[in-house]
Structure formats: C-alpha cells, structure tokens
Amino acid sequence: MAVEAPPTPAATVAPPRRRRIPPAVLLIAPSVIFMALLLGWPVIQGVLQAFRDEQGFTLEFVNRMVQDPYFWPAVRNTLLLIVVMIPLQFALAIAMALMLRSNPRLHKVHFFVWAIPLALSDLAAGLVWLSIFNDRGYLNSALSWFGLQGASWLAYDNQTSMFICVLIAELWRATSLVLIIVVAGLQGIPKDYDEAAQVFGATFWQRLRHVTLPLLKPSLQVALILRTILAFQTFAVAQALTGQNFPLVVGETYRWYTGLQNPNVAAALALVILVVSMLTSVFYLRALRDKNQGGLR
Amino acid sequence: MSTTVDTTPIARQKRNRFMLQAACIAVSLFMLVPIYLISLAALSTRESLNEFPLSLLPTNLSVETLNAFLGSTGIFAALGNSLIVGAGTLLLSALIGVPAGYALARFTFPGKDPYQLFLLFTRALPIVVLSVPLARLFLTMDIYDTTYAVILLHTALALPTTILISASVFLSVPVDVEEAARLFGCSPLGAFGRVVLPMALPGLAAASIFTFVMSWNEVLGASILTLDHRTLPAQVLSSLSDSPLAYRFAGGFALVIPSIIFIALMRRYLTNMWGSTIR
C-alpha cells in the first residue's frame, strides 16, 4: 500500500473549479419553484380555460359571462362599492390614527379594539352585521324600543339600503388594515415637524394638509394599492348579508363554479378581476409616482 | 380689568381633549357593539331569537344555539380541517419562505430586484384567479377535496408575505452578531441556528400567526377546492343559504372569537409587522 503523496500545489488547483451555486440562489430557489407552480401556472391555465374549448380558441365563455343577467349589476356594484368605500375608509383611518397620536386616555385599549377586525374574514363580518340588519335583527329591535317602525334593510327591492349595509360592514371590517398601515407610517414621522408648524401658527387643517399628509404619502400609497386590490375580492360579506341579491364579481365566480358547475365562465370572471386589479395597481403606481418626483419607494 | 386672565385657550383645549375622548369612545363602540350583538345572538335560545323586538341585554343566555351549531354535521370536522390547514400552511410557508427571506435580507444576488417585484406582483393576484385552475390541476393529481390541496393554495397565497416579513425580521438582527459567531468558529448554518434564529424568533412567530390567520379566514379558495373536507369558513358559507338564522349567528360567533384571540396575542407586533414589510 503506497501512501498517497501529499498533493502538489499544482494538483490542488488542477481540478477545474466547479462553479459553486451561490447560497442565496439555493435559499431562494424553493420559493421560486413553488410560486411558479402554484401562482404562475394557474394564471396561464386560467387564461386557457377562459378562452379555449375542445375545438380551440373560443369566445363562447366570455359571451355567456357578459350575457348573464347578474354580470353587469355585479360589475356595477363592485365598482360602486370601491369608489364609495375607499375614500371613506381612508378618511376614517387617518382620523383614527391622528386620534391615537394625540394620546387619548386608554389609547392602548382603543388601539387593540380598533385592530380586532384585522383578523376577521369578510364572511364573519357579513354574519355579524346580518344579526343587526336582518328584518327581525337588532337594528329594527332597537328602533322599535324607541317606538319607530323598522325597515327591511336587506330586501331585494331596496338596493340602496342593501348597498349601505354592505358598505357599513366593509367599513367596519377593513378600515383597521388601513389604520395599521397609517399608524405605522405616523410612527416614522417625527413629531417635530408638526410642532414646528404649530409654533408658526399653522392651524390643524393646514398642518394636516401641508405637513402630515405629504409625509405620510408612502404609507398611503401602499395602503391604497393593497386595500383596493383586496376590495375587489370582497364577496362573502354580500353573500352573507343578501345572498344573491347584491351580486359582486367574485361572488359571481363562486356562483358559476359551485352553483352552475361551469369552471370556464368562472375562469373568465376571475380574469376580469385579475385585469382590473392589475390596471388599478399600475394606475396607482403611475399616478402617485408623477406627483412624487422622487419616485416610488 | 387688568387682572383677569384670558382662559379661553385653556377652555378650548379642555373641550378639545373631551371631544377627542368622546370620538375615541365612539369609534370603539362602533367596533365593539357588533361583536357584542353577535355574541348575544349566538348565546340566545332559538325561541328568544324568534321574538321581536329582540332584547338588547343579555337576559336569557344559553349555549343551546351554539351547541346546536357545533353539533350539526360537518362542523367539528370543518374545525379540525381549519386547524390542520392553518398549521400546515404555517409550516410549509415557513419552511419555504424563511430561507428566502433570509437570503433577501443578507445577500445580494442577480435577479434580486425582479424577485422582489415579482413578490409584490403576486400580492396583487386575486385568489379566484388561482383557485379555479388549481381545482382542475388538483383533480388530475388526485388531491382535490383534501386538506393538502387547501394547504398548497394557502401557502401560495401566504408565501410572498411570509418572505417579505421574514426578510424585514432578519434585517433587524444585526449582521455583526452573526459575523462574531462565525469568527468564533460557527459554521454558517450554526451561526444561523444558534445566534440569528433565536433573535429572530419572536418576529417570525408573529409572522406565522399572520399566516395562520390568513388561512383561517380564507373562504373562497377553500370552498372551491373542497367538497367534503371543508374548512370552517367554507363549511359555513356553503350551508349559508339553507340554514336558520341561529345557525348563521353561531357560525359568525365561532369565526369572530379566534380573531380577538389572534389580535390579543400579537398586538405588540401589529404595526411593525404591517408597517415595515408591505412596501
């Protein structure tokens, strides 16, 4: 048995250096693969499902979707809900965050209470408000204790009150998400700016308009994008409160898939949501970038 | 009179303070009263729910409605499924997401910016878009209508958030301590396991509670991907149209209670979780 000769310096260099995979790639790779399989692939499949049948390309499913009597009301309701809800929600959340910032008594308790809906599903919110708004619910009960005649808030022929009920339930549930983001943003703004403006005699509204809100802009951008995208996905609130009477686009997807057993039309509806969400995100990013010369972070 | 002091500013400030307190209490009531009412509804007897007007005070509480809800077919199984799916999602997304978050926090690598952009983009992906095609894929893979299917979907949904949150958690652990550990002879893995991980653990735990909450609350995907093995929200949703009001209230109550516990558990982390990570 010959003892192996100690490697000469040349030998150690000799084997061509294997290109080592950098550790970062190894750490990232599983997530990339997973997301490609479970996020990328379904999107492609969804497009195919919506536009293809056995014969190849078809617009049949899109036509069926558009001709469904629930489709346009669903689109209208979804857009209306977003257009009315988002500004209200942001005004409310900013007001709540500013209230917390001025350190009211028990502000920790208040903050905890205001954050509770953060962990609620929209289904739960719908059921909670159903106990209040249904014909024999707590709102009508309270009214009758005061001797007032209640109303059928969720009746089919009362679209306006139905809309308001869904709106209130969504305001109740989802404002806390905006609140948390705004509160976190406010924590990053030193109070000095506000105090300086105060010293120079700026009123509350002037300080809000010219100091706090501009500084808060990055947080507001994030909250706006996130909240709008999530708002497009609202459906269980309306489902729980009104059943089919207040259709929303995602609710229609659910109905086509489970009720009518037609995954192709469901896929087409899902694509509507996808396209609208993407367009809104791009719109927000561009609109907010233009005003904000520094560019979006 | 020259001795009188103008007290109007102080009076105004007092009034403002009072208004502030009142407004805070009003908002808190807006948040709490519905929770109180759903609890009241879920804890009333079926007869008292049929009365009108309903009593707004807890006059005759009973667990009868809640028991009936929990005893109805599929609820206990659905509760179990929800827990399995939540725990599975938590584990899988931590397993895949935490290393990626660590890489984002510590390394520069080619394609980092596109990767981050991709993560942001996936947050904008609506659940419906994924659920319908995934249902078909899972059918062919023979895992349709299992908890695995829902775990996979929920992990896909939670993963971008998990990665971003854990990246921000790791960023808050100073590099110096890691380098010190390496200097004293730890392997990269050892330095991670012995030094970085213990320091990051509270933040990661909070992140995983978020994942669990997301999975617990997700309705649409779970109802599309399952028939007999539904999670709790999916079960409640599917039996919504043909169930009495008492059942729905009990279901709402069952969905509300965990969320209060979740928020109580992680109220310390709420702002730094959402604030630092989303952008």
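A: The contact draws 82 residues from chain A and 74 residues from chain B, two residues being in contact if their C-beta atoms, placed from the backbone, lie within 7 Å. On the side of chain A that touches chain B, helix α2 (residues 23–51) of chain A gives the most, with 16 residues. Helices are DSSP runs (H or I, at least four residues) numbered from the N terminus. That side of chain A divides into 59 nonpolar, 20 polar and three charged residues; Ala, Val, Leu, Ile, Met, Phe, Trp, Tyr, Cys and Pro count as nonpolar, Asp, Glu, Lys and Arg as charged, and the others, Gly among them, as polar.

This is a predicted model, in which local features need pLDDT of at least 70 and side-chain atom pairs count only at pLDDT 80 or more, while totals for chains, interfaces and linings use all residues. Residues are numbered from 1 along each chain as its sequence is written, and chains are lettered from A and ligands numbered from 1 in the order in which they are written.

Within chain A, helix α4 (residues 71–101) and helix α12 (residues 249–259) pack at an angle of about 145 degrees, with their axes 8 Å apart. Axes are lines fitted to C-alpha atoms, for helices over the stretch in contact, and angles run from 0 to 180 degrees between N-to-C directions. From α4(A), the contact uses A:F71, A:A74, A:V75 and A:T78, and from α12(A) it uses A:V249, A:G251 and A:E252. These residues divide into four nonpolar, two polar and one charged.

Chain B is divided into domain 1 (7–66) and domain 2 (73–274), bounds that come from an automatic or database domain assignment.

How values were computed: Helices (H or I, at least four residues) and strands (E, at least two) are DSSP runs, numbered from the N terminus.
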